[in-house]
Amino acid sequence: MMTALGQTNPTPPVAPREDHREMRHGATVVDDYFWLREKSNPKVVAYLEAENAYTTTMTKGLQPFEDALYKELLGRVKQTDLSVPTPRRGYFYYSRTEEGKQYPIQCRRKGTMQAPEEVLLDPNELGKAHQFVGVGAFVVSDDQNLLAYTVDFTGFRQYALQVKDLRTGQTLPDSTERVTSVEWAADNKTLFLVTEDAVTKRSDKLWRHVLGSAQFDELYNEKDELYDIGIGKTRDMKFLALQIEAKDTSEVRYISADRPTEPFKLLLARQKGQRYYLDHREGLFYIRTNQPGHNFAVVTAPVSDPSPKNWKPFIAHRDGVRIQDIDLFRDFAVSVEKSDALNQLRVYNFKTKAWKSIPFPEPVYSAFPGGTPDWESSTYRYNYQSFITPSSTFDYDVRTGESTLLKQQEVLGGYDPKQYASERLWATARDGVKVPISIVYKKGFARDGSGALFLYGYGSYGFGTPATYSSNRVSLLDRGMAYAIAHIRGGDEMGEQWREDGMLMKKKNTFQDFIDCAEYLIDQKWTTKDRLVIEGGSAGGLLMGAVVNMRPDLFKAVHAAVPFVDVMNTMMDASLPLTVGEYLEWGNPNEKAAYDYMKTYSPYDNLEKRAYPAILVTTSFNDSQVMYWEPAKYVARLRALKTDANPLLLKIKMEPAGHGGASGRYDRLHDTAFEYAWLLTQVGITQ
């Protein structure tokens, strides 16, 4: 048989079946591919390498197209560039990139940008002996003399603490493993850090360490496996806050940053379903809480007695608006909000006691806080972008209400935003709920059903998918392919209820919404089944697996990235990273009602003997978020069942790489070029 690219199809790898049985709720569950979990087993590695070799052979004809796309993607990138400098305590901090180097270099200059440059951290130097470099925490002491950072060289998100003296450039001996967050006390010598459990990777212990000592003192150990912890500091640097959080409940413990030896105080004991977050300004705690309603409100409480009897409203709860965050400064506050799948930034002037909204010019856009570290700042930095407008950094002057553009991402190669259009569409789901869709296309796109369309979705954990700019995406648009995001339930685009209506025993709303969005786009002549490609990663990979099982006829091609597809086996194994904490997102399958419901959508458990669309599955051997064996088992079982001749490919990074794939920017561009070339070719676009 010949492939669409002209070469003879090789025989795909066949994973051996090994009998494995478990009793679950009185029934025997058979999993012939369970053995693929054995990471150190040479047979497992041999099978995965055979899959890679098969993918390489099957896509060999893509190489010229992939190479052309890579050059195109790279051609839009200003490879040597500088971020907007951020003022902080007498220094300007920035990052810069250099042509040919994989990672941005973290730098600063004292007093003025004309002063000599100090390189704080260069991951390119760290990476000389490593294929993967992931920088986690990056925290400078209050006096700006010391840098605490964490780094991972494997992709397994296992970060080690390093402390660098910025005055001498020396790395200090103060180090420890498995650090997930870190913060400085005000004395510039005491570090607070959180570490993770060695097996489950749950952030569970808080430690105090004084530089120069060999001692790490354990201060807190969170025993409840539903909870993770993290350490942070208020922007005014007055308090350290230990955030203790499950998917549906949280609590905060705090100390004064200048009293690092004192015990942490509990603000409000955890109550099932209550979530709250802490900041501070001038003797008052500002508490973002869901106590008044799903979408959060903000209250204040005196530090002297922050108990609920002293709470006073600062921002009221509103049904149609979710308060994402409250950003506090000496003279103003910013409420970061979301409604109708759009972010809003509302600024409160403490002197005039007036609120103003920062206006944005497009109907579909994204706006985010841009990092304004200085407590005494009179301006607020934010990022604005859209499907059409490249990432743009602004400073908003609180006194005048004016925004000043500081920098817009430079897109090389003659990019002209006037050639493209974006819209907000609304699909009606099968239960009558309106689901927003953001779409972008090149002007002239024919609405006659002949066009190709790329539909993306996620819809989990309350993480909404913003309509951001991508210079890579221009390669799709210029080839006549429209790009759309389905803002399905499970995210937070329409408020907290949107999240809750796409989790636990309502999870199937997420998958049905995506299918209904796809059918809407076909009905409205944006595309046809034969020209519709879809993509999702991680929990979005679960989405891909679920919708393909539910409607395999609806999609031409699928890219499932690091897909969470073996839901039942993962959620039944409490020793795996993340599992127990995820009970509050997906359900606890040890409870029969949850088990029965989850089993109805788990992609691996619902594969059948029938035709499937073309499917590309990508993953990393060292992924700690979704273990490699989930996509590997999925492909193995699907290959044994599928009745069609459509391609089914597994591409797995055996070298160090993580949940997000490669760490270097050039490596990631190569991956994108391959994925685009494969997807475009499936709908007949071959150059």
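**Figure 1. Burial in the predicted protein model.** Of the protein's 687 residues, 59% count as buried. Buried means under 20% relative accessible area, exposed over 50%, and partly exposed in between (1.4 Å probe, protein chains only). This is a predicted model: local features need pLDDT of at least 70, side-chain atom pairs count only at pLDDT 80 or more, and totals for chains, interfaces and linings use all residues. Residues are numbered from 1 along each chain as its sequence is written, and side-chain values use heavy atoms, with hydrogens and water left out.

Figure 2. Strand β5 covers residues 91–97. Six of its seven residues are buried, so the rest of the structure largely encloses β5. Strands (E, at least two residues) are DSSP runs, numbered from the N terminus.

**Figure 3. Strands β3 and β5.** Strand β3 spans residues 81–82. Two bridges join β3 to β5, and the strands run antiparallel. Leu82 has Arg96 of β5 as its bridge partner. Two strands pair if DSSP finds at least two bridges between them.

Figure 4. Strand β4 holds residues 86–88. Three bridges link β4 to β5, again antiparallel. Thr86 is partnered by Tyr93 in β5. Two residues sit between the strands of this hairpin. Here, Arg89 takes a positive phi near 45 degrees.

**Figure 5. Strands β5 and β6.** Strand β6 runs over residues 105–110. Six bridges pair β6 with β5 in the antiparallel sense. Tyr91 stands opposite Lys110 of β6.

Technical notes. Helix = DSSP H or I, 4+ residues; strand = E, 2+ residues; numbered from the N terminus.
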